[in-house]
Amino acid sequence: MGKVINLVLTVVVIVFGVLFRDSLESYYKKIRNTFVPHNNKGKNVYTLEELAQYNGQDQSEVYLALMGTIFDVTKGTKHYGKGSSYHYFVGKDGSRAFITGNFKDEGQDKDHILDLTCDELMVLLNWKKTFKEKYKQVGYLIGRYFNLEGKPTEYNRQFSERIENCKVQKAIEQKEKSKYPPCNISWSADEGSRVWCTTSSGGITRSWTGVPRQLYSPGAEKPRCVCVNVTTDDSTAGMFKEYENCPKTATSCVIDA
Ligand code: HEM
């Protein structure tokens, strides 16, 4: 008897499914389209699975996450739509590929960026700025950068700390670059390499020209050519090395024949 009831029920479900297929489909779509992200203390947070729905098909909007912040990039469909150059980024956090350009990376670490260089991290920040300016920020991805409440994680804090250190390092480098601007460098078959100083070499505009010297920086493998201001600096100090066969006061030196 039980078997008969089961059979009848199965047949009823199948017939119902076939007859009301269209209605069921539109009901299902309606449910999907009314999906609301978890609103946690005023912050919209999404799980990875939820974010993955925003691919322009399961959900009509197109979202991507950059360092855990989710943007609605639907208006950029020409970049992110199926078959477009940057479709890889859709429905996930592929922050690392913004630097590596590896649009095949589906590994766990595709949003890991702390091992990148300062310059690369700055590029990422620049991307975030671009996204903020161009697209609407819709929430936070629960994971590496934000917790369930949409609050920054320890990883996120470490990222901010790295950025602060990078800014300090950049400022020190910039100060050193102004004090010892890089030389101009050229090469020709006849002459070989030549280094020389002008009042704008190294992109540093100044009132003095300077003389080319090799500067040994801690940690650097090779010396680099800098212009030393002879009126304020001792160009014979131990940290500087003169170029061979080049007069002490010359502003231009041929460094190999
Ligand atoms: C690491 C490699 C690269 C990454 C991660 C990258 C990423 C992107 C992204 C995300 C966009 C869309 C920006 C938006 O939403 O407005 C974009 C746009 C664009 N990219 Fe790339 N890109 C890369 C390399 C390249 C290269 C090598 C070229 C050129 C040969 C290129 C040319 C363009 C152009 C022309 C646009 C459209 C700009 C516009 O319409 O506003 N990209 N890129």
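Me: Is V195 buried or exposed, and how do I tell?

Reply: Count C-beta atoms. A residue is buried if 20 or more other C-beta atoms lie within 10 Å of its own, exposed if 12 or fewer, and partly exposed in between, with C-beta atoms placed from the backbone. V195 counts as buried because it has 24 C-beta neighbours inside 10 Å. A word of care: this is a predicted model, where local features need pLDDT of at least 70, side-chain atom pairs count only at pLDDT 80 or more, and totals for chains, interfaces and linings use all residues. Residues are numbered from 1 along each chain as its sequence is written.

Me: Where does V195 sit, and what does V195 touch?

Reply: Strands (E, at least two residues) and helices (H or I, at least four) are DSSP runs, numbered from the N terminus. V195 belongs to strand β7. Contact means that the C-beta atoms of two residues, placed from the backbone, lie within 7 Å. Not counting residues up to four places away in sequence, V195 touches C183, N184, I185, P212, C225, C253 and I255.

Me: Which strand holds G192, and is G192 buried or exposed?

Reply: G192 is in strand β7, residues 192-196. G192 is exposed, because 12 other C-beta atoms lie within 10 Å. D58 is 134 residues from G192 in sequence and 62 Å from it in space, C-alpha to C-alpha.

Me: What is a nonpolar core, and which residues touch the most other members in the largest one?

Reply: A nonpolar core is a set of buried Ala, Val, Leu, Ile, Met, Phe, Trp, Tyr and Cys residues joined through C-beta atoms within 7 Å. The largest core here has 22 residues, and L51, Y63, L64, I70, F71 and L141 touch the most other members. At least two residues of this core come from each of β2 (43-46), β3 (63-66), β4 (69-72) and β5 (136-141). The largest share, 4 residues, is from β3. Apart from this core lies another, of 11 residues, including C183, V195, W196 and C227.

Me: What does L64 contact?

Reply: Leave aside its neighbours within four places in sequence. L64 is then in contact with F71, V73, Y80, F89, V90 and K92.

Me: What is the phi of M67, and where does M67 lie?

Reply: Phi of M67 is near 45°, a positive value in a residue other than glycine. M67 lies in the loop between β3 and β4. M67 counts as buried because 21 C-beta neighbours are inside 10 Å.

Me: What about N245?

Reply: N245 has a positive phi, near 55°, and is a residue other than glycine. The loop between β10 (240-241) and β11 (252-254) holds N245. N245 is exposed, because 11 other C-beta atoms lie within 10 Å.

Me: Which residues are around the ligand?

Reply: A residue is near a molecule if its C-beta atom, placed from the backbone, lies within 6 Å of it. Here those residues are V73, G76, H79, Y86, A97, F98, G101 and K134. Ala, Val, Leu, Ile, Met, Phe, Trp, Tyr, Cys and Pro count as nonpolar, Asp, Glu, Lys and Arg as charged, and the others, Gly among them, as polar. The shell divides into 4 nonpolar, 3 polar and 1 charged.

Me: What are the domains?

Reply: Domain bounds come from an automatic or database domain assignment. That assignment gives domain 1 (34-169) and domain 2 (180-254). Their centres, taken over C-alpha atoms, are separated by 44 Å.

Me: What does UniProt list for residues 46-142?

Reply: An unreviewed UniProt entry lists "domain: Cytochrome b5 heme-binding" there. Over residues 46-142 the chain is 32% helix and 15% strand, and the end C-alpha atoms are 6 Å apart.

Me: Which helix holds R162, and what does R162 touch?

Reply: R162 is found in helix α7. R162 touches L114 and L121, not counting residues up to four places away in sequence. R162 counts as partly exposed because it has 16 C-beta neighbours inside 10 Å.

Me: Where is K170?

Reply: K170 is found in helix α7, residues 154-179. K170 counts as partly exposed, because it has 13 C-beta neighbours inside 10 Å.

Notes. UniProt positions renumbered as here; feature names shortened; annotations may be inferred.
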